[in-house]
Amino acid sequence: MKNKFLLIMTILFTFIWMGVIFSFSNASSDVSNNGSKTIIRYIVKKIYKEKSDSDIEKIVVKINKPFRKFAHASVYLVLANFVNSVLCVFIKNKLKLCNMICLIVCFLYACTDEWHQTFISHRTGQISDVFIDTFGALIGCVIFDFIYKKVKSKDIPKNNI
């Protein structure tokens with residue numbers, strides 16, 4: 001019963017996270033860009049308290065694009081962990097197969113996400129973002145693989161002779 005509840009919650013969180021990604025993609029380019037710049041500006045002001053506003057804006061503009069690409073990869077890293085969590089319940093002890101299916105799912109979701117952006121004001125779908133998203137998912141699979149193996153190795157009872 002506990003495992004079934006955990007599975008349902010993991011599936012639910014997976015779909016919620018997909019909705020979060022969809023909502024990020026649903027924002028216009030101005031809203032999306034201003035949101036990332038606001039986060040960067042806040043962090044830069046905390047780090048460089050002595051800098052002028054114009055110097056801070058230069059830093060914000062310089063960091064914005066890499067920050068947005070990092071955000072792309074990060075949200076898919078999280079998605080990959082949710083998807084893998086669900087898959088490993090159904091495909092027990094076949095972690096490589098789970099990872100392959102997970103990467104396919106994340107790649108396809110990234111494709112549909114970029115296609116979705118072509119319908120949003122001043123946004124474009126970019127194949128480079130699909131690759132960045134998929135790379136984030138790949139890193140997520142590596143992290144999941146590491147954690148999964150650590151947890152499984154602790155589940156195996158050791159004989160004390």
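How many disulfides does the structure hold? The structure holds zero, a disulfide being a pair of cysteine sulfur atoms within 2.5 Å.

Before selecting anything, note that this is a predicted model, in which local features need pLDDT of at least 70 and side-chain atom pairs count only at pLDDT 80 or more, while totals for chains, interfaces and linings use all residues. Residues are numbered from 1 along each chain as its sequence is written, and side-chain values use heavy atoms, with hydrogens and water left out.

**Stop 1**

Select Cys-88 and Cys-98. Cys-88 is in no disulfide, and its nearest cysteine sulfur, that of Cys-98, is 3.4 Å away.

**Stop 2: Gln-117**

Next, select Gln-117, which is found in helix α4. Helices (H or I, at least four residues) and strands (E, at least two) are DSSP runs, numbered from the N terminus. Is Gln-117 buried or exposed? Its relative accessibility is 2%, so Gln-117 counts as buried. Now show the side chain of Arg-123: the side chain of Gln-117 makes a polar contact with it at 3.0 Å. A polar contact is a pair of N or O atoms within 3.5 Å; within protein, one must be able to donate a hydrogen and the other to accept it, and residues adjacent in sequence count only if both atoms are side-chain atoms. Leaving aside residues up to four places away in sequence, Gln-117 touches Ser-25, His-72, Arg-123 and Thr-124, where contact means heavy atoms within 4.5 Å.

**Stop 3: His-122**

Move to the loop between α4 (95-117) and α5 (127-155), where His-122 lies. His-122 is exposed, with a relative accessible area of 69%. Its phi is near 60°, a positive value in a residue other than glycine. Most residues other than glycine have a negative phi.

**Stop 4: rings**

Select Trp-115 and Phe-119, both exposed. The whole structure has four aromatic pairs. Trp-115 and Phe-119 form an edge-to-face one, 5.1 Å centre to centre with 85° between the planes. Rings of Phe, Tyr and Trp (its six-membered ring) pair if their centres lie within 6.5 Å; planes under 30 degrees apart count as stacked, over 60 as edge-to-face and the rest as tilted.

Note on methods
Buried < 20%, exposed > 50% of the residue type's maximum accessible area, 1.4 Å probe, protein only.
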